[in-house]
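Please look over the sequence and the three-dimensional structure shown here before reading on. The paragraphs after it are meant to be read with both in view.

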Amino acid sequence: MVLMVLPLIGSVSVSEVLVALTTACLVYLMVRYFYTEIPAGLRRLPGPTPLPIIGNVLEIGRRPYLSLTAMSKRYGDVFQIQIGTRPVIVLSGIETVRQALVKQGEEFSSRPDLYSFRFINEGKSLSFSTDQAGVWRARRKLAYNALRSFSTLQGTTPEYSCMLEEHICKEGEYLVNRLSSVLQADGRFEPFPHIVVSVANVICGMCFGRRYDHDDQELVSLVNLSNEFGKVVSSGNPADFIPALRFLLSSTMKSFVDLNTRFTTFVQKIVNEHYATFDKENIRDITDSLIDHCEDRKLDENSNIQVSDEKIVGIVNDLFGAGFDTVSTALSWSIMYLVTYPDVQERLYQELKSNVDQNRKPRLSDKPNLPLLEAFILELFRHSSFLPFTIPHCEQWEDPSSFNPDRFLSADGTEVNKAEGEKVTTFGMGKRRCIGEIIARNEVYLFLAILIQRLQFLPIPGETVDMTPEYGLTMKHKDCRLKARMRTRDEQ
């Protein structure tokens, strides 16, 4: 064995020296990696001290929307945490968020380059892609124009003001009949499975121009894919925050890649069918509208960036996923709140009875005459906060933990207080505000109006309705069975 004699230490082997030097180098590199040099004139953001490798994961826990809210009370409206090895800046408080997303919208409009984002729509997602600002702007404009064109499409009969109203009214009627059949057979029903299929059918009609039977395997497969996507995303991908782990492909990540591939393949097939049957004089749905806006391959006048056919698949994919999950979750929570607050449910029914001819279904044009229903929807968004990082901003509201739709009504209850309503940021704000917000709001309103007009929702005697949310991409309520009864013609 080769020995070295070092002052103050004595005889050591060469291998021991190498181990010591290697350890010292690793410690030095880790310190440099975790230590961020702060430019002169600035100070380090407050926040909890991260652990090596895992950062603040243990403090964030399984309910980050709650733990981050608690941290904001300790560290202020702007603080820093670390997830794995990636620093994350957390903004809290409506004015702070508005400053970032609206007043400094350009600086805060991009997306982080997370590893898993590369597999969503093959990296071409409108919501998750890290495209350059010009590319993202061109694609967002294309999607917005397609939605606007679709919203003006006439219904197939004069009964409906537009194609959107026709899709929702027909599916709402089918949902009422479906629930009636289930109640006759079982005496009870679970809200989410039936609502989610109906909402999926509306989105299929909007995006693809087709409607499915509730038991159709293709539709069931789409719903299952969306549910799987939400579960996988909410569980998190460690490789997004600890880069070394991306070389160890986990079973969760494999499932994530697989379900994205399957859904993209499904959408690609439908887009190809639309190209083959496209008629500029007969725009049938959003996919046709996208093709129409792209057919001449015009360059965006601001960014000079061409939008390819592949991007169309990504945009359709995004519009389907976003509209599907948000609306179905909102409607499912609505039923839970109606059962929990029966006095509010009765007031909503009386409002409908007084302002809508009971011999017909509610329409979009009835909305201005149903202020309580609109206030109920706003309070649902605020109180449930089912999009976990659009927190209710408790400092804005009097008695924030109470469910009270009247907070959004004028003193005489005849109209919605728009200034209060604008404080509810369910659909985001600034450059990344949801482009389908108007369609989503109309869909929630019209579905809910039809359900309240036709059904009275009730708890099962002796059973408690559990309103505790389960964390996810959108926070769902726990599995719950309820009762309902059809409104009689005398009541109506």
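The following paragraphs describe the chain as a whole, then its cores, and then several individual helices and residues.

This is a predicted model, in which local features need pLDDT of at least 70 and side-chain atom pairs count only at pLDDT 80 or more, while totals for chains, interfaces and linings use all residues. Residues are numbered from 1 along each chain as its sequence is written, and side-chain values use heavy atoms, with hydrogens and water left out.

The protein chain has 15 helices and 8 strands. Here helices (H or I, at least four residues) and strands (E, at least two) are DSSP runs, numbered from the N terminus. Of the 492 residues in the protein chain, 47% are buried. A residue is called buried under 20% relative accessible area, exposed over 50%, and partly exposed in between (1.4 Å probe, protein chains only). Contact means heavy atoms within 4.5 Å. Among contacts between residues at least 6 apart in sequence, 68% join residues at least 24 apart.

In soluble globular proteins, nonpolar side chains tend to be buried together. A nonpolar core is a set of buried Ala, Val, Leu, Ile, Met, Phe, Trp, Tyr and Cys residues joined through side-chain atoms within 4.5 Å. The largest such core has 112 residues, of which I286, L373, F376 and F457 touch the most other members. Helix α11 (residues 309-340) supplies the largest share of this core, 16 residues. A second, separate core of 7 residues includes L68, M71, Y75 and V90.

I286 also belongs to helix α10 (residues 286-294), which is largely enclosed by the rest of the structure because 7 of its 9 residues are buried. These are I286, T287, D288, S289, L290, I291 and C294. Leaving aside neighbours within four places in sequence, I286 is in contact with A146, L147, F150, M206, C207 and L319. At the start of α10, a side-chain oxygen of D285 reaches to within 3.2 Å of the backbone nitrogen of T287. In the loop between α9 (251-277) and α10 lies E281, which counts as exposed because its relative accessibility is 72%. The C-alpha atoms of E281 and D292 are separated by 9.7 Å, with the two residues 11 apart along the chain.

Which residues of helix α4 (residues 94-103) are buried? They are I94, T96, V97 and A100. These residues lie on the same side of α4 because they cover an arc of only 165 degrees around the axis, the arc being that of the directions from the helix axis to the C-beta atoms. On the other side of α4, E95 and K103 are exposed. The cover over the buried residues of α4 includes β3 (78-83) and β4 (86-91).

H214 is placed in the loop between α7 (191-208) and α8 (217-235). H214 counts as buried because its relative accessibility is 5%. Its side chain makes a polar contact of 2.8 Å with the side chain of E171, and another of 3.4 Å joins the side chains of H214 and S198. A polar contact is a pair of N or O atoms within 3.5 Å; within protein, one must be able to donate a hydrogen and the other to accept it, and residues adjacent in sequence count only if both atoms are side-chain atoms.

Finally, C434 is found in the loop between α14 (418-421) and α15 (437-454). C434 counts as partly exposed because its relative accessibility is 34%. The unreviewed UniProt entry carries the annotation "binding site" for C434.

Conventions: UniProt positions are given in the numbering used here, feature names are shortened, and annotations may be inferred rather than shown by experiment.
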